[in-house]
Amino acid sequence: MNNDLASGNGRSVVELEKACKKTESQRKAILQTVIDGICIIDLQGRIIEVNDAFCTMSGFTGNELTNKSIFDLETAEMHAGTAANIQTVVRQGKGNFTSRHHRKDGSFFDAEINARYVAAEEYLIVCFRDITVYKHAEEELMKNEALMRTAFENLPLIFYMIDRDGKFKLSIGAGLKGLGLEQNQVVGLSAFEIYKDFPEITQSIHRSLAGETVSFESQVNGSSYLNICVPFSTGNRGFTGIVGVALDISERRRSEESLRNMQRLESLGILAGGIAHDFNNLMGGIFGYIDLANDELDKKKSCSYLSKALATIDRARALTAQLLTFAKGGSPIKQVGNLFPFIMETAQFALSGARVSCRFAVSDDLWTCDFDKNQIGQVIDNIVINAQQAMPVGGTIELHARNVTIGDNEHPALQNGNYVKISIRDFGIGIPKELLPRIFDPFFTTKTKGHGLGLATCYSIINKHGGCIDVESELGKGSTFHVFLPATAQYASFDASIPAKPHKGIGTIIIMDDEEVMRETLRDFLVSVGYTVICKDTGSDAVDAYKNESASKRTVSGLIFDLTVPGGMGGKEAVALIRALNTDVPVFVVSGYAEDPVMKNPAEYGFTASICKPFKKNELVEMLNKYL
C-alpha cells in the first residue's frame, strides 16, 4: 500500500482524536473537513456517527448509516475478521487493516483502514480511505504478471535475470527442458560457477554486467543457443543486474547446414563438369600430338609434336595440383630462393599470344623467400590470366614487387615480420563490390567456361605459405591483387630461372613402385643417362635387392622408393631397414601425396630428398645432380 496514503490516513485519525477533547461544534467541523471517510463505532461495531465523506463513499445517508452496524456493510465471511480487528484495536489502542465493503447500490469498494480506540468514551474512530482504484490496478498488475509468467514458461526459450553479483534471480521458459532443468531451479546459484566451462557465456555476462548489451551464440550440451543479455535497473536504485533471453537455434543451424550441403553438392556438380571439360580438352590435345608424332617421319616435326604434348601434360598436372589444394594435400615443398626473374618469366609466359603486356617494377634488394616454385608459379599464372581476361580489348598489366615489414596488429591476417609484397594490377572491368567476399570461394565462379578454381587455388597456396592475398577493385577501373609471402634471411639454395644441367650416371639404382608405368618410365630414363636399374614393386623386395647387390660388391648409387604401397611395405618402412644397413647411400622418396609429413621433411624419416608425382625430367635431373 502507498506509504503516503497510509501516513495521511493516520494523521486524520490523530486530528479527530484531538478534536474529541474540543467543544462539540469544533469536533463536528473537523469531522466534516476530513477528506477521508470517518466512522465512529462502539465496541460491538454499531455505527455512532459518520462524516459526509463516508456517506459519499458508501452511498448511504448519515441517518441510514447510524441505524446500521459496520458488519452490515460487509459480506458474512468477513465478519469474523472484522470482530478480531476490533479486539486488536481495543487491546493495542490502534490498528491498520484493509477491507472490502458494499455500497448501497450493491457494488463494492476497497478501503485502507486506520483505527484508534478512545478508552474514555469506549468507542473507535475508524478512518476509511478508498483504495478501489489502486486495488484494481494491483489486481490487473498481478494478472498481467501471471499472464506474462505463463507465456514465458511456455515459450520455447529461456528467460532469466541475473543480479549484479552474478546470481540467478529468475530462470523460466520451456527451453529449460533442453538443458534438463526445471523452472527457477538455478535461482540463487552463481551463473559464473554453472558456466565456468563455457568462457563465451561467462565473458558475455561480465560484459553485460559492465553495462553493455551483448548478443552471442553458445554451445551447451550439443545444442546451439542465441543469447541476448541486456543490463537493467529499477527506479532510482541504479543498475541492478541483467535480463537475458536464450533461444535454441540448433534446428535452424542444422537446416542451414543441410542447405549449404545441398548448395555444395550442386556446386561440386558444376565444378566436376568444368574439370571434366578441361581434362577432356587436354587429353584430346595429348592424344592428338602423340598420334601426329607417331605418324611423322620428319624427326624435327615429330619432336615438335612431342614437345606440345608434354606442354599439354604439364597443364593437366597443374589442374591436378589445383584439385589437391582443396583435398587433404597440396602442402608446399619449399626451398629458399629468389622470386625474380622466375615470377617475371612466369607472367610473360602466361601472356604469350595475348593482346596484353606486362610492365614490371621490382626492387633491386628483394628479400629471398622459402617457397614452392611450382605452386607460386601457379599463383602468378592464375592471377595474371585473370587480369588478362579482365581486359578483353588489351592493355598493360602492372606487376610490382617490394619488401615490406608488418608490425603488430598492422594486418589482420598476417603476423608481424618481413614479407615480399607482389602487386598485380589490371585496368579492366573490375569486380562488383558484392562479389569481392566470394572470389576466393572454390565453388564460386562468374566464368561461363572452365572450373573457376584459379583464385581459390591462389588463396589456399599463399595461406599454406604463411602469407595472404588482398584485393582492391573498382568497377570500370580495374583490380589489384596484393600477394604477401614471408621473407627469410637464408641465402637462396636454388635459382628458379636456371635450367638443370645434364646428368651422367654411374652404378646401380634400385627403383620401388607399385605402378608398372612409373617403374618403366623411371627405368628407361635412368638407363638413358648411364645407370643400371633394378625394379621392384614392394619395399621388402627392394631391401632384399639392396642386400644382394651389397653382398655381390656391386655399387648401389641410390634408391628411389614410392611412399605408399597398398597391401605391401612402403618407402617409409623400407628406408628404415636400409638405414640399418647403410646410413650414407642416397634414398629418395616419391609420392603423389604432397601433404604427407615425409614429403615435407624427408630427412627426418631417413630419406635424402623427396620429389612429388607427377614430375618432369628436368626436376628429376635437378635432384640427381644435387645428391648423386
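My entries on this model follow.

I am working with a predicted model, where local features need pLDDT of at least 70, side-chain atom pairs count only at pLDDT 80 or more, and totals for chains, interfaces and linings use all residues. Residues are numbered from 1 along each chain as its sequence is written, and side-chain values use heavy atoms, with hydrogens and water left out.

**Whole protein.** I found 18 helices and 22 strands; these are DSSP runs numbered from the N terminus, helices being H or I with at least four residues and strands E with at least two. Of the 628 residues, 41% count as buried (under 20% relative accessible area, 1.4 Å probe, protein chains only). I also looked at contacts (heavy atoms within 4.5 Å): among those between residues at least 6 apart in sequence, 58% join residues at least 24 apart.

**T88.** I located T88 in helix α5 (residues 79–92). T88 is buried, with a relative accessible area of 18%. Leaving aside residues up to four places away in sequence, T88 touches G93 and K94.

**Aromatic pairs.** I took rings of Phe, Tyr and Trp (its six-membered ring) with centres within 6.5 Å, calling planes under 30 degrees apart stacked, over 60 edge-to-face and the rest tilted. The count came to 6 aromatic pairs. F54 and F128 form a tilted pair, 4.8 Å centre to centre with 55° between the planes. This pair links distant parts of the chain, F54 in helix α3 (residues 52–58) and F128 in strand β5 (residues 123–130), 74 residues apart. Both F54 and F128 are buried. Next I noted Y195 and F198, an edge-to-face pair at 6.1 Å centre to centre and 75° between the planes. Y195 is buried, at 16% relative accessible area.

Definitions and conventions. Buried means under 20% relative accessible area, exposed over 50%, partly exposed in between (1.4 Å probe, protein chains only).
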